[in-house]
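Visitor: I've got a model open and would like a quick tour. Can you walk me through it?

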Amino acid sequence: MAATTDGPARASAPRTRLIINADDFAFTPAVTAGILEAHHAGSVSSTSMMVHCPGWDDGIRQARATPTLGIGLHLNLVVGAPLSGAPSLMDRRTGRFAPLTTLIGRALVGALDIDEAEAECIAQLEALNQAGVTATHLDSHRHTHALPVLRRAVARVAERRGLPLRRPVESHRRFPNDLPSQLHRGVIAWSWRVTSLTAVPTRAPDHFIGVSMQGSRGFEARLCAVLDALPAGTVELMVHPGHVDEALRAVDGYTTPREVELRALRSPAVRARLARGDIALIDFTAL
């Protein structure tokens with residue numbers, strides 16, 4: 001809200017516009033339920049939706065019923081099967097996506113077909129569109145869009161569709177003593193910078209935070225510390241709240257930490273911090 005000029009005090013605009021984006025909407029019904037709880041608590045403004053995963057039908061119903069939640073595509077090249085065929089993305093023995101380690105190996109040696117990867121990204125966007133969900137942005141499960149070949153393919157789609165694309169490069173100054181996180185951030189940042197040489201430019205928030213948050217037992221304290229030290233400009237904060245069900249345990253190893261993240265995002269301390277007035281919570285449509 002703009003400040004008025006007829007009083008002695010002038011309200012200042014928030015110095016940070018923050019997108020708190022929950023990954024994995026529609027992964028399973030329990031994950032979707034947790035994301036919606038965090039959204040209704042006022043601490044998640046955006047989510048990224050997976051296509052044709054175990055929670056797909058439930059996720060579509062919930063997406064249609066929640067117009068206040070910005071929803072993008074969480075491009076999935078790891079769980080289930082391609083919508084477009086895409087032999088270079090598949091395990092040909094099963095017809096399903098190749099394991100993540102195989103996908104990484106193929107990307108590094110140039111064994112992925114860029115046209116197949118682009119077609120798969122388009123097919124997943126179209127699945128959202130046909131279900132009545134208009135994507136606000138693009139990102140990917142396990143940051144696979146930062147890999148060689150995949151980066152160029154996904155950037156092409158994002159540029160043509162006018163969609164922001166997650167830039168998963170995170171400062172090493174944040175939680176410097178967390179060595180596993182530092183290594184993970186370093187690998188992603190290296191891949192992103194290398195693939196930037198050949199990918200078309202795409203839009204993104206000014207800053208990204210999220211890898212440093214994953215798996216932390218002290219998630220609430222870490223989240224409050226991040227909120228207290230947000231840089232000026234636009235920031236994407238990636239989170240993974242959710243409940244755990246058997247469908248999730250069958251396809252993903254990130255289980256209990258989702259419950260930890262959800263409790264933090266619903267906590268009075270986090271909600272009060274977001275309400276202080278120096279942070280404007282937005283979704284990707286406001287970029």
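Guide: One term before we start: contact means heavy atoms within 4.5 Å. This is a predicted model, where local features need pLDDT of at least 70 and side-chain atom pairs count only at pLDDT 80 or more, while totals for chains, interfaces and linings use all residues. Residues are numbered from 1 along each chain as its sequence is written, and side-chain values use heavy atoms, with hydrogens and water left out.

Visitor: OK, what is Leu-227 in contact with, leaving aside neighbours within four places in sequence?

Guide: Leu-18, Leu-237, Val-270, Arg-273, Leu-274 and Ile-279.

Visitor: And which residues have the most contacts inside the largest nonpolar core?

Guide: Leu-18, Met-49, Leu-138, Leu-227 and Leu-237, in a core of 75 residues. A nonpolar core here is a set of buried Ala, Val, Leu, Ile, Met, Phe, Trp, Tyr and Cys residues joined through side-chain atoms within 4.5 Å. Buried means under 20% relative accessible area, exposed means over 50%, and partly exposed is in between, using a 1.4 Å probe and protein chains only. In soluble globular proteins, nonpolar side chains tend to be buried together.

Visitor: Let's do strands. Why is strand 8 largely enclosed?

Guide: Strand 8 covers residues 233-239, and six of its seven residues are buried, so the rest of the structure largely encloses it. Helices (H or I, at least four residues) and strands (E, at least two) are DSSP runs, numbered from the N terminus.

Visitor: Which strands does strand 8 pair with?

Guide: Strand 1 (residues 16-25) runs parallel to strand 8, joined by seven bridges. Strand 7 (residues 207-209) also pairs with strand 8 in the parallel sense, over three bridges. Two strands count as paired if DSSP finds at least two bridges between them. Val-235 is a handy landmark: Leu-18 stands opposite Val-235, and His-207 stands opposite Val-235 too.

Visitor: How does the chain cross from strand 7 to strand 8?

Guide: Through helix 7 (residues 219-228), in a right-handed β-α-β crossover. Right-handed means that, with the strands pointing away from the viewer, the path from the first strand over the helix to the second runs clockwise.

Visitor: Now strand 3. How many of its residues are buried?

Guide: Six of six, across residues 70-75. Strand 3 pairs in parallel with strand 2 (residues 46-49) over four bridges, with Thr-47 opposite Ile-71. Getting from strand 2 to strand 3, the chain passes through helix 2 (residues 56-64) in a right-handed β-α-β crossover. Strand 3 also runs parallel to strand 6 (residues 138-140), joined by three bridges, and there Leu-73 stands opposite Leu-138.

Visitor: What about helix 4, what's its span?

Guide: Helix 4 (residues 114-130) has 17 residues and reaches 24 Å from first C-alpha to last, close to the 24 Å expected at 1.5 Å a residue. The expected span is 1.5 Å times one less than the number of residues. Among its buried residues are Ile-114, Cys-121 and Leu-128. The buried residues of helix 4 pack against strand 2, helix 2, strand 3, strand 5 (96-97), strand 6 and helix 5 (150-161).

Visitor: What caps its N-terminal end?

Guide: Asp-113, with a side-chain oxygen 2.9 Å from the backbone nitrogen of Asp-115. Just after helix 4, Gly-132 takes a positive phi of about 95°.

Visitor: Which residues other than glycine have a positive phi?

Guide: Ala-86 is one of them, with phi near 55°, and His-143 is another, also near 55°. Ala-86 sits in the loop between strand 3 and strand 4 (90-91) and is buried, with a relative accessible area of 3%. His-143 lies in the loop between strand 6 and helix 5 and counts as buried at 9% relative accessibility.

Visitor: Switching to Ser-45: buried or exposed?

Guide: Buried, with a relative accessible area of 9%. Ser-45 is in the loop between helix 1 (29-40) and strand 2, and its side chain reaches the backbone oxygen of Ile-282 at 2.5 Å.

Visitor: Last one. Where is His-172?

Guide: In the loop between helix 5 and helix 6 (179-195), partly exposed at 38% relative accessible area. The His-172 side chain makes a polar contact with the side chain of Gln-182 at 2.4 Å. A polar contact is a pair of N or O atoms within 3.5 Å; within protein, one must be able to donate a hydrogen and the other to accept it, and residues adjacent in sequence count only if both atoms are side-chain atoms.
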